[in-house]
Amino acid sequence: MRRLILAMGALLFVFIVTAQDLKYYLPDSVTYNPAIPKPKDIIYHEVGEWHVTHDRLVNYMKALAAAAPDRIKLETMGFTYENRPQILLIITSAKNHQHLEEIRQQHVMLSDPGKSASLNIDNMPIVVWIGHSIHGNEQSGSNAALVSAYYLAAAQGKQIDELLDNTVILFDPSFNPDGMQRFSTWVNQHRSKNLVSDPNDREFNEVWPGGRFNHYWFDLNRDWLPAVHVESQNRLKWFHLWKPNILTDHHEQGSNATFFFQPGVASRVNPLTPEKNQELTAKLAKFHAAFLDRIGSLYFTKENYDDFYYGKGSTYPDINGAVGILFEQASSRGHLQQTANGLLSFPFTIKNQFTTTLSTLEGAKALRKEFLQWQRDFYKSALAEAAASPVKAYKFGDTSDRARTNLFVNMLRRHQIDVYQLKKDSGAGGVVAENKNTTFVVPANQPQYRLIKTIFEKTLNYKDSLFYDITAWTMPLAFGLDFEESGVDVSKDTRQYSKLDSDPVIKGEVTGGKSEYAYLIEWSDFFAPAALYELQSAGIITKVATNKFFTTDRQKQFNYGTIMIPVVMQTLSSDPLYNIIKRVTEKYGLNVQAVTSGNVRSGSDLGSSKFIPVTKPSIAMIVGPGVNATDAGEVWYLLDQRMNIPATHLEPAVFNRVDLNKYNTLIMVGGSYTDLNKDKLKTWVQNGGTLLLTEEAVTWAAQNGITDIKFKKVKPAEDSTKRIAYTEREQIDGAQQVYGAIFGADIDLTHPLAYGYNQQTVSLFKANKVFMEKSNNPYATPFYYGNKPLQSGWVSRENGDAVKNSAAVIVNTVGNGRVISIADNPNFRAFWLGGTKLFMNAIFFGRIIDAAAGRTGE
């Protein structure tokens with residue numbers, strides 16, 4: 001009977017929680033302005049009763065800005081891919097709003113060591129960015145934003161006045177609007193009037209890909225550093241416009257957990273993060289603990305999560321003179337869920353997030369001067385470290401690919417990094433050839449020195465062998481650029497270098513004008529595949545050079561993979577053909593060569609059979625349950641956003657029933673494909689299709705008889721007879737995971753899959769245990785790892801040995817088709833541009849690979 005009463009009491013408590021108004025969340029010691037609308041007045045339900053949709057969230061923030069203009073100014077940072085606004089509320093006192101631009105300018109000066117010493121911080125407000133729910137299906141944060149924003153707009157009294165006088169709050173209610181809308185729609189449409197708490201219920205089990213990601217299925221909490229996506233780019237503009245002292249990152253974790261706040265695991269803090277950062281993090285933690293204790297919520301710190309990868313929202317501030325704070329609330333994933341800790345209601349998760357917003361603001365107010373002083377000291381010490389370093393600058397560039405080089409420059413400048421360009425060709429150079437259009441230098445002697453260092457450095461030594469995310473991200477390697485360290489500070493050499501004041505722009509042109517014979521497109525340019533597809537879509541016949549050649553009229557060497565457009569073979573006359581080529585050339589910034597003769601000084605004449613017709617790709621990608629959504633999203637983004645190439649997304653059930661003859665290229669990324677009809681897939685390949693596999697899809701295809709690839713076995717880490725303490729299991733087993741490291745693959749530059757590459761080694765990112773044996777056909781392994789392939793990152797000795805002398809890419813001939821197996825992810829997080837050419841080559845040139853080069857013998 002007593003157990004029944006307790007159970008009924010628990011259910012009653014949950015019912016009360018889910019039916020309560022704002023009083024459940026708000027401090028009862030504060031009075032509120034009745035003229036300020038409550039959330040229910042605008043969103044039509046109580047906070048936590050339903051998951052607020054993004055449009056209603058925005059409507060409420062607009063209503064608050066209209067009702068409290070003395071406290072709130074609403075800005076639109078930009079728009080997502082689905083054209084949802086990314087809004088930012090600037091919340092502070094009326095007095096501060098009157099001098100807001102002056103406050104901003106003075107605050108930003110703290111990050112300029114040349115000006116910061118003269119600033120008086122005694123009365124300077126601290127700047128705090130409160131950010132919510134970058135993962136769209138972790139919505140306690142964005143729903144808590146309703147309560148926090150109301151509190152900041154409506155609260156009255158000495159306490160709130162002191163807070164607003166001493167802080168400027170940058171209030172970001174939704175880091176990921178598109179994911180938020182997708183998830184809120186899902187959970188709301190499956191909510192029952194009588195809440196169902198069974199974790200097996202459909203409400204808690206989203207369909208693929210789920211609401212975590214943005215439109216392109218990308219994890220935006222890994223994009224702060226590469227800043228590939230528009231959401232990140234929009235946010236970074238405002239981050240650096242204000243340079244906050246604190247940024248909170250409100251997340252959710254597994255439903256059976258409690259609540260986490262930083263500091264995280266001490267041994268996994270990035271060594272570039274100064275100790276003072278962690279000291280301030282610990283001081284803030286005392287406020288979180290006190291506030292959560294006050295409401296009786298359980299929590300933990302110093303476990304599970306770390307501050308290593310600077311591409312996360314809670315870590316990026318650490319390398320920018322601020323302190324990032326990660327909050328992880330146990331997720332109800334819906335409205336009410338049964339967990340190991342009992343019933344977990346959505347309102348309870350919201351209350352914890354709101355409470356830690358208050359604790360952050362209270363801590364910021366109390367520690368205001370210490371945080372402001374730290375911001376000043378951070379940048380001052382950065383210059384001191386730069387002065388002490390033997391590396392005075394980093395030089396980079398690629399003379400054969402201006403577009404890829406410029407994309408790297410653009411990324412650097414988003415982070416307020418000064419970049420200098422060579423003024424004129426010098427003919428000199430070491431690893432990086434000095435060309436005025438493609439040679440850039442980043443001096444170390446600038447406030448963003450630490451960020452520069454983490455972008456360029458190769459890392460091989462670590463304190464720990466466990467990581468929450470990747471272990472290396474050396475950006476020039478990711479972009480496939482040559483780079484080198486320099487002992488000379490080029491920023492002082494104004495005769496040779498000039499500082500960029502805008503992103504570089506490439507002007508495409510057709511050298512030689514209109515031709516009556518042929519045009520040549522060098523395949524090394526990053527956007528050459530986009531141009532090729534657009535030309536093919538216009539019905540233009542194209543051929544690819546499988547040999548080098550030196551033209552007589554242009555006096556120029558052309559490499560493997562050059563695209564040739566013969567004029568006389570086209571259905572168009574020379575004038576409209578030229579107009580199309582000129583338009584495409586200018587659109588993608590290419591340098592196309594017009595030639596007047598097919599006769600060459602060396603190599604193959606333009607009429608040779610070494611020029612092979614290029615078939616227009618018709619692409620489908622397998623998506624759906626079991627498929628790694630981020631891997632698939634990276635391919636979608638590459639084709640759709642960068643290359644303007646459409647691709648059909650087929651779920652296994654659709655694949656199994658449709659006619660595949662309309663597709664000549666199929667893509668399968670990492671994941672499992674249990675429900676896919678493997679016999680149908682193999683028949684399609686045998687009939688002439690090109691199957692492109694990456695990561696675990698490579699293993700799946702081999703296991704299901706589509707390829708005959710064999711895999712290297714990893715030696716066990718420990719002697720099975722050795723006694724090991726139970727508590728060491730996590731460390732030992734975790735060390736055998738491949739979290740993500742960079743390996744250099746040697747390549748056969750004559751192979752169709754290597755067209756467009758000019759360097760002998762390409763850097764690939766490995767975050768899996770797919771270790772392929774080299775093919776017994778000497779032509780079937782065009783990309784392979786040598787005896788010392790590790791370039792940057794951490795990998796266990798056992799896994800490192802498995803990578804050595806393994807295949808990175810293998811080509812199999814299956815009937816009339818080709819299967820191209822790439823062990824790793826050449827498109828990792830959409831910033832691994834060094835692998836793009838390999839992937840696009842597989843799409844355009846996979847079918848021209850000679851059948852004998854992919855056959856194997858047992």
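**Figure 1. Glu-695, a buried residue in a loop.** At 6% relative accessibility, Glu-695 counts as buried, where buried means under 20% relative accessible area, exposed means over 50%, and partly exposed covers what lies in between, all taken with a 1.4 Å probe and with protein chains only. Glu-695 is found in the loop between strand S29 (690-694) and helix H21 (696-703); helices (H or I, at least four residues) and strands (E, at least two) are DSSP runs, numbered from the N terminus. Although Glu-695 is not a glycine, its phi is positive, at about 50°. This is a predicted model, in which local features need pLDDT of at least 70 and side-chain atom pairs count only at pLDDT 80 or more, whereas totals for chains, interfaces and linings use all residues. Residues are numbered from 1 along each chain as its sequence is written, and side-chain values use heavy atoms, with hydrogens and water left out.

**Figure 2. Asn-304, a partly exposed residue with positive phi.** Asn-304 is not a glycine either, yet it has a positive phi of about 70°. The residue is placed in the loop between H10 and strand S9 (323-330). Is Asn-304 buried, exposed or partly exposed? With a relative accessibility of 44%, Asn-304 counts as partly exposed.

Figure 3. The peptide bond that joins Trp-208 and Pro-209 is cis, with omega of about 0°, and Pro-209 has its place in the loop between helix H8 (177-189) and helix H9 (230-242). Another cis peptide bond joins Gln-262 and Pro-263, where omega is about 25°. Pro-263 is found in the loop between strand S8 (259-261) and helix H10 (275-295).

**Figure 4. An open sheet of five strands.** The strands are arranged in the order S15-S12-S14-S13-S16, and their pairing is antiparallel; two strands pair if DSSP finds at least two bridges between them. Strand S15 (482-486) and strand S16 (497-499) stand at the edges with a single partner strand each, so one side of each is left without a neighbour in the sheet. On average, neighbouring strands of this sheet are turned by 25° against each other, direction ignored. Strands of a sheet pair through backbone hydrogen bonds, either parallel or antiparallel. Within this sheet, strand S12 (residues 393-397) and strand S14 (residues 440-443) run antiparallel and are joined by four bridges, and Lys-395 stands opposite Val-441 in S14.

**Figure 5. Two helices that lie across the sheet.** Helix H13 (residues 402-414) lies across S12 and S14 and runs at about 145° to S12. Such angles run from 0 to 180 degrees between N-to-C directions, with axes that are lines fitted to C-alpha atoms, for helices over the stretch in contact. Helix H14 (residues 449-456) lies across S12, S14 and S15, and its angle to S12 is about 45°.

Figure 6. Strand S18 (residues 518-521) pairs with S22 in the antiparallel sense over four bridges, and the bridge partner of Ile-521 in S22 is Ile-563. Strand S19 (residues 543-545) also runs antiparallel to S22, to which two bridges join it. Here Lys-543 stands opposite Met-564 in S22.

Figure 7. Glu-534 has its place in helix H16 (residues 528-537) and is buried, with a relative accessible area of 16%. Which residues does Glu-534 touch, not counting those up to four places away in sequence? They are Arg-583, Val-584, Lys-587 and Tyr-588, where contact means heavy atoms within 4.5 Å. The side chains of Glu-534 and Lys-587 are also joined by a polar contact of 3.0 Å. A polar contact is a pair of N or O atoms within 3.5 Å; within protein, one must be able to donate a hydrogen and the other to accept it, and residues adjacent in sequence count only if both atoms are side-chain atoms.
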